[in-house]
Amino acid sequence: MTADTVTDVFEEHRPVLMGVAYRMLGRVADAEDVVQDAWLRWSGADRTDVREPRGYLVRVTTRLAIDRLRQVKARGETYVGPWLPEPYVTELTGAAGTVPDAAERAVLADTVSLAVMVVMESLSPLERAVFVLREAFGYPFAEIAAMLDRSEPAVRQLAGRARRHVDERRPRYDVDPAQRRDLTERFLVAAERGDLESLMELLAPDVCLVADSGGLARAPRRILESADHVGRFVIGTAGRGLADASFRFLEVNGGFAVLILAGGKPDAVFQMDVADGRIQYVYIIRNPDKVRFLATPQEG
């Protein structure tokens, strides 16, 4: 390969590699670092025997992400309040790097949703790798086994354990984007008007609000539960307002979301999970380290 070809091949597969790394790590900056390390490995490797660049690059990226994830867990980092992944602006591509159909898009979105990403934090690095490669990108067990230097039966066992864990712990939600957008817009109107009654009509009785500030911004440091608690918190917060506030709609982690700006700068991202026509979860990310990069559009 010429130098230009080496670069072109890598850039062709960059969205997939970023998708793997982000799902593994839940942190945009860490994922970008891993993809950059993969580029260094690719550009300096003997590619004579590389017949399938995509498979080679996914294998390298996955192994680098496993190493990075183990380092993060080994550090035993403490986090102030609830943790949510960094919001990832998604332009989802299919397994072949093409625009997916509706069914494939639903699968891809499900494996990058905030709810599933939170559950995946409790998986072991190997379980998480197998889950991502199998569920998000559809790799056969034999290929995953080769990527991870594990036997196929061992990989099947890891996959089964990870799948059961995710199914048991993730909240149930609908994926209808039109319904989510409608409820989000109605939520915003009710909050802006201070209309608690209208807001309560949108919330499930057992709704939960999860706010991630990392202790760096004002937000609840525990999960709020029940429509009454969540509704009163939202109305109270909206009543205090932000200076020169504005909104921007975007797709985050495979679903409709709202970016709140204060003075033109990102202040928070919020997203909702919906089931049975009611809001079941409200996610708010206010950690400035996680939202500041949303000032400009992100590829991914």
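**Exercise 1. Count the helices and strands in the chain.**

Solution. Go through the DSSP runs from the N terminus, taking H or I runs of at least four residues as helices and E runs of at least two as strands. You end up with 12 helices and six strands. Bear in mind that this is a predicted model: local features need pLDDT of at least 70, side-chain atom pairs count only at pLDDT 80 or more, and totals for chains, interfaces and linings use all residues. Residue numbers start from 1 along each chain as its sequence is written, and side-chain values use heavy atoms, with hydrogens and water left out.

**Exercise 2. Work out how helix 7 and helix 8 are oriented to each other.**

Solution. Start with the axes, which are lines fitted to C-alpha atoms over the stretch in contact, with angles from 0 to 180 degrees between N-to-C directions. Those of helix 7 (residues 141–148) and helix 8 (residues 152–169) come within 9 Å and cross at roughly 105 degrees. Angles under 35 degrees count as roughly parallel, over 145 as roughly antiparallel, 65 to 115 as roughly perpendicular and the rest as oblique. The two helices, helix 7 and helix 8, are therefore roughly perpendicular. Now the contact (heavy atoms within 4.5 Å): helix 7 brings Phe-141, Ala-142, Ile-144 and Ala-145, while helix 8 brings Glu-152, Val-155, Arg-156 and Ala-159.

**Exercise 3. Find what share of the chain is buried.**

Solution. Buried means under 20% relative accessible area, exposed over 50%, partly exposed in between (1.4 Å probe, protein chains only). Of the 300 residues in the chain, 50% are buried. As for contacts between residues at least 6 apart in sequence, 66% join residues at least 24 apart.
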